[in-house]
Amino acid sequence: MSLFKQTGLRWLWLAALVILLDQLSKLAVLQWLPFGYPGQSLVPYFNLVHVYNKGAAFSFLANQPGWQRWFFTLFALGVSAVLLVWLRKLPAAARWSPIAYCLIIGGALGNLIDRLAYGHVVDFIDFHVGQWHYPAFNLADSAICVGAVMIVLEGLLLRRSPPAGDKPS
């Protein structure tokens, strides 16, 4: 049996799917939406926009002179590598953790592709109430957030029994 079938690595198809959907959605935005706000209003609280983010979440470090591109590139590679190691250690029967890890890996690599190709991340999802706008984001950002919430929920809410052979102290 291959390593992929015996471990959490069997879920890597999900990371690939996140990357594919993220990149296709960004290509559509680049092709069909003019740059900037107000974008295309779909409903009173949701627009599609075409904006760039040179930083990270909430434009963190976006106003820096350019070093942040490489910092976030290395960060995405590092996080993805750690999560791949953790995936490899998970049993094939595991579901929750590998899904969470693969969502984060897919999102991190989706945004990494943008940073390497364009020097910034393409964002296009814009929720707003009146004149107040939540920072624009993309599918990769959404996958990262969902994966992170899953990890937090697992840590806070799911009871874990000790592995076979371990005795509670």
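Modeller: A salt bridge is counted when a side-chain nitrogen of Lys or Arg lies within 4 Å of a carboxyl oxygen of Asp or Glu. This is a predicted model, in which local features need pLDDT of at least 70 and side-chain atom pairs count only at pLDDT 80 or more, while totals for chains, interfaces and linings use all residues. Residues are numbered from 1 along each chain as its sequence is written, and side-chain values use heavy atoms, with hydrogens and water left out.

Biologist: Why is the pair Lys-26 and Asp-114 called a salt bridge?

Modeller: Their side chains meet at 2.9 Å, N to O, and the cut-off is 4 Å, so the pair qualifies. This pair joins distant parts of the chain, since Lys-26 belongs to helix 2 and Asp-114 to helix 4 (residues 96-118), 88 residues apart; helices here are DSSP runs of H or I with at least four residues, numbered from the N terminus.

Biologist: What makes Lys-26 count as buried?

Modeller: Its relative accessibility is 1%, and buried means under 20% relative accessible area, with exposed over 50% and partly exposed in between (1.4 Å probe, protein chains only), so Lys-26 falls in the buried class. Asp-114 is buried as well, with a relative accessible area of 0%.

Biologist: What separates Lys-26 and Asp-22 in helix 2?

Modeller: About one helical turn separates them, because they are four residues apart in helix 2.

Methods
Helices (H or I, at least four residues) and strands (E, at least two) are DSSP runs, numbered from the N terminus.
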